[in-house]
2 protein chains.
Amino acid sequence: MPSKIAIVGTGLVGRAWSIVFARAGHDVSIFDPMEGASAKALELIAQNLPALAEANLLRGETPAAVLSRISRADILEEALANAVHCQESAPERVEVKAALYKELDRIAAPETVLASSTSGIPASQFSEGLAGQRRVLVAHPINPPHIIPLVEIVPAPWTDPAIVTQTRDLMAAVGQSPISTTREINGFIVNRLQGALLAEAFRLVEDGVCSVADVDAAIADGLGLRWSFIGPFETIDLNSARGVPGYCDMLGQLYYDLAKEQADLREWTPDLVAKIDEQRRAALPLSEHQARQDWRDRRLAALVGHKREQAQKDGTS
Amino acid sequence: MPSKIAIVGTGLVGRAWSIVFARAGHDVSIFDPMEGASAKALELIAQNLPALAEANLLRGETPAAVLSRISRADILEEALANAVHCQESAPERVEVKAALYKELDRIAAPETVLASSTSGIPASQFSEGLAGQRRVLVAHPINPPHIIPLVEIVPAPWTDPAIVTQTRDLMAAVGQSPISTTREINGFIVNRLQGALLAEAFRLVEDGVCSVADVDAAIADGLGLRWSFIGPFETIDLNSARGVPGYCDMLGQLYYDLAKEQADLREWTPDLVAKIDEQRRAALPLSEHQARQDWRDRRLAALVGHKREQAQKDGTS
């Protein structure tokens, strides 16, 4: 059943969310406080939809049908009226979010969920003390959400668990892949995992063990292949006939010894960052950076399409 | 120009290596000390080749052409005669390797490279003091190497750097993706990166932050998509218009704070392993384990095919 979704903030992230909800059949009302921003956003969305249709990213809907479900709201009240869910993608500054959530909480009906796209600010920092603090949480996408399905749902200490469940269900229903935490945690899940791997990647380069390109190949031509369709736990589970316990019997001691070597806290010093950047710039001059970002997004879209095809073929999901 | 390659040990890994070298046009001589093992291996290879041809994994060669380049050696001397490279895939026990490398070094011509497929035993532990210790190193594949291109080349302290270069060149020439370290290091590269991420994954489950399935989704529906075609450094480089320095200015402090939280060394206790296994077994009973492994290998092959197609289409590699 189509519901109304409010999108607050119409930058890259807000526009991608508009497409996610509209292609799933929902009515989307977009609002941006900056003069002319939401009109511009609607234009950009309209321009992008044909390419998304061609990449089979509109769930079989036509660009016209998707576009017809997205409308501009001139004021915040209009965007929030009767919305079941508000997805906020405002600038990443805690004072901006805090002021905005006061307004959102005052205007939105008590049953409207207020979800933030923030990549790093815990919801407790902008919802404490609000009358409706129980319906505020983080729903952090991996950009761009109309291509990458993952959404991290992270409650504040006072978020109602039913709101977490409702948001998970909504995200799954529109075709995203929601995960959730039982409590608020710094970095959420994805950046905690990424940070752990990056810490070792930086350490290897700082210690002169291998090149930046070789670290990248270790993942992109090696482990990352599995990780693009089964996660780290299923990977190790399938590497032993006895599953996780068999794997841990075999390699637990090795990993414990490595963890001891990796427990030394390192700063990413300017020298180390410069060393890495020098190798990256030799591989990709900044002048070709934008073109490579566009290439990455095309490849991401193609990969998501490939995964969908494979899943349909073998009946998995 | 075709060369002769010796394959010592004809288990799963040795058989996959045989295919890697034979489909690239080399003459492959396989040897296994166990009675009947190499004959059985040749049969298994012959059985597998048609499916590999269908999955476009034989570099356009026919199964018959690939098979015709692989022959059985009855004795080690025969396998090593005139070989430029010996790829050893014997059991993962240091005393087995130590005894074997004494023999390999005694028999093989001085210019034959002796490369071990070991996933965790540094070459210094089985090559020290050999007359030809300068030509011994690790060339560790990610299984199975006829599907996954990555090979980690890790020298012992006494390995000749020219041998590292020669092995990298050979691996690249047969279509693998070689990486190398400047010195011997525990866990090589891939397992150091994997271990760092697993440590955090285990910690999140131990602390009750999220489920095993949600950790897996965080990677498989999120970060792992990028990581299957660009590595961790290129990922962060492309996430800021200023590249790595811009990314580190934005998120370096967050990652440093996370690293502080992640520096507490954790053991993978039996209770924790059981908790993870319980969730995995609910998702996949051990009775379906083998079928899921087969599915994983089909998906890996399809993914490698997809990447090759995309690279051909956009002219990248």
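Okay, let's start with one helix pair: helix 11 of chain A, residues 244-262, packs against helix 8 of chain B, residues 190-206, at an angle of about 85 degrees, with the axes 10 Å apart. Axes here are lines fitted to C-alpha atoms, for helices over the stretch in contact, and angles run from 0 to 180 degrees between N-to-C directions. Helices are DSSP runs (H or I, at least four residues), as are strands (E, at least two), numbered from the N terminus. So these two helices are roughly perpendicular to each other, a label for angles of 65 to 115 degrees.

Who touches whom? From helix 11 of chain A we have Y255(A), L258(A), A259(A) and Q262(A), and from helix 8 of chain B, R192(B), G195(B), A196(B), L198(B) and A199(B). Contact means C-beta atoms, placed from the backbone, within 7 Å.

Bear in mind that this is a predicted model: local features need pLDDT of at least 70, side-chain atom pairs count only at pLDDT 80 or more, and totals for chains, interfaces and linings use all residues. Residues are numbered from 1 along each chain as its sequence is written, while chains are lettered from A and ligands numbered from 1 in the order in which they are written.

Now, the whole interface. There, 91 residues of chain A are in contact with 91 residues of chain B. On the chain A side, helix 9 gives the most, with 15 residues.

And how are the chains related? A rotation of 180 degrees with 0.0 Å of shift along its axis superposes chain A on chain B, RMSD 0.0 Å, by least squares on the C-alpha atoms of residues with pLDDT of at least 70 in both. That's the relation of a two-fold axis. Both copies use the same surface, as 100% of the contact residues of chain A recur in chain B.

Methods: Angles under 35 degrees count as roughly parallel, over 145 as roughly antiparallel, 65 to 115 as roughly perpendicular and the rest as oblique. Two residues are in contact if their C-beta atoms, placed from the backbone, lie within 7 Å.
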